[in-house]
Amino acid sequence: MATTNTFPKDRVGFAITFVNADSTNIKVVFDNSASTKAMRIEQLSICSDDTSARNVQFSRLISATDYTIGTINVPAASGTDGTTPRVTGLSSSTAGIGTMDDDGVYVCWIPAGQKLDAKMLAAVTATKTVTISGWARSFET
């Protein structure tokens with residue numbers, strides 16, 4: 001049993017969009033490189049207006065090296081056509097990158113000094129987008 005209580009702090013939102021010009025280049029999804037605290041990503045949504053399904057590969061940047069942590073399939077029109085749901089990137093039901101915490105919630109911890117990166121395995125169709133958004137927060141005693 002912990003001798004001190006832990007409380008959520010510092011909720012931070014983030015969002016990035018991939019377009020055709022990004023090709024298969026890595027982009028930063030969440031940057032925790034300047035922090036002294038680990039951050040817990042609690043929401044990671046992926047929406048696409050692309051007419052083709054896309055695979056997004058996530059990695060953790062540690063000391064200038066990206067380590068792959070998972071690839072998520074994003075169906076065509078996910079979260080943008082009113083019928084195809086957005087992809088929840090943390091859940092294991094979508095081959096997500098999260099792990100289940102003690103409360104049964106999927107989260108992804110990003111330690112201090114690290115980044116969560118992503119890249120498309122094939123370029124997004126011209127004039128189309130894939131957007132990744134969510135929030136993270138730290139916990140302190």
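A: Happy to. First, some terms: strands are DSSP runs of E with at least two residues, numbered from the N terminus, and two strands pair if DSSP finds at least two bridges between them. This is a predicted model, where local features need pLDDT of at least 70, side-chain atom pairs count only at pLDDT 80 or more, and totals for chains, interfaces and linings use all residues. Residues are numbered from 1 along each chain as its sequence is written, and side-chain values use heavy atoms, leaving out hydrogens and water.

Q: Great. In what order do the 4 strands of the open sheet come?
A: The order is E2-E9-E4-E5, with antiparallel pairing.

Q: And which strands stand at the edges?
A: Strand E2 (27-32) and strand E5 (65-74); each has a single partner strand, so one side of each lacks a neighbour in the sheet. From one strand to the next, the twist averages 20°, taking axes as lines fitted to C-alpha atoms and angles from 0 to 180 degrees between N-to-C directions.

Q: How many bridges link E4 and E9?
A: Strand E4 (residues 54-62) and strand E9 (residues 114-120) pair over 6 bridges. Ser59 sits opposite Asp117 of E9.

Q: Switching topic: how many disulfides are there?
A: 0, where a disulfide is a pair of cysteine sulfur atoms within 2.5 Å.

Q: Is Cys108 buried or exposed?
A: Cys108 is buried, at 3% relative accessibility, while Cys47 is partly exposed at 22%. Buried means under 20% relative accessible area, exposed over 50%, and partly exposed in between, using a 1.4 Å probe and protein chains only.
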